[in-house]
Amino acid sequence: LLPPGAARPSTYLARHMGACAAASCALGLAASRYFVRGRALTAAQAKANAPRRCKTADQDPGEKAGPLDDRGSPFYFGVEFNPRVSLLERPVDAKMALYLVGAALLQLNLLSCAALDADRRGGRPARAMVVHAALLTWFAAEYVAMEVVHLYTYDLFAEKVGFKLAWGCICFYPFFYSLGA
């Protein structure tokens, strides 16, 4: 039992949202750097990861997708399409791992904000907080467990892992979506 007036550990993220967002920002930057500069690609991997235009409706049906001029920043857009990382001695798709980390952090932020709201209101969170947390919980659960279509979205099959995906999943996604809480 906590002494009267003591904060519950479950409210830590909500009480320290700025510091936690800053830590996630730093972690996202470190992950971005790892995926861009920390992984050495072989010549064959570099050729396979060369920028290419995806087949789109505006192309002639006989035209093949070809190389693109890579003018964008490699740090922002990344250098490798589908990197694998080792997790418990098993290879894991880095994009999916980043999305799962983002969804878990979003859910932890929501639960922490709901717990803090309940503490401030004498044990019962506001109805608006309950609805907000319930809808975003549904979003995260549906996205992670039942959303087959996200395996075929543009960012998964046509984008490389760089700042945009790493920082976005680790910092932007969990903290921006939970702003309303």
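This is a predicted model: local features need pLDDT of at least 70, side-chain atom pairs count only at pLDDT 80 or more; totals for chains, interfaces and linings use all residues.
Helices (H or I, at least four residues) and strands (E, at least two) are DSSP runs, numbered from the N terminus. Residues are numbered from 1 along each chain as its sequence is written, and side-chain values use heavy atoms, leaving out hydrogens and water.

**Aromatic rings**

Let us start with the rings. Rings of Phe, Tyr and Trp (its six-membered ring) pair if their centres lie within 6.5 Å; planes under 30 degrees apart count as stacked, over 60 as edge-to-face and the rest as tilted. By that rule the structure holds 11 aromatic pairs. Two of them are set out here.

| Pair | Type | Centre to centre | Angle between planes |
|---|---|---|---|
| Tyr34 and Phe35 | edge-to-face | 5.1 Å | 70° |
| Phe75 and Phe163 | stacked | 5.8 Å | 25° |

**Cover and surface**

How well covered are these residues? Buried means under 20% relative accessible area, exposed over 50%, and partly exposed in between (1.4 Å probe, protein chains only). Phe35 is buried, at 6%, whereas Tyr34 is partly exposed, at 37%. Phe75 is partly exposed with 25%, and Tyr177 is partly exposed with 34%.

**The nonpolar cores**

A nonpolar core is a set of buried Ala, Val, Leu, Ile, Met, Phe, Trp, Tyr and Cys residues joined through side-chain atoms within 4.5 Å. The largest one has 16 residues, of which Phe35, Leu98, Tyr99, Val161 and Tyr173 touch the most other members. Two or more residues come from each of α2 (17-38), α5 (94-120), α6 (127-146) and α8. Helix α5 gives the most to this core, with six residues.

Which residues does Phe35 contact, leaving aside its neighbours within four places in sequence? With contact meaning heavy atoms within 4.5 Å, Phe35 touches Val79, Pro83, Val85, Ala94, Leu98 and Val161. A second, separate core of six residues includes Cys113, Ala114, Leu116 and Ala126.
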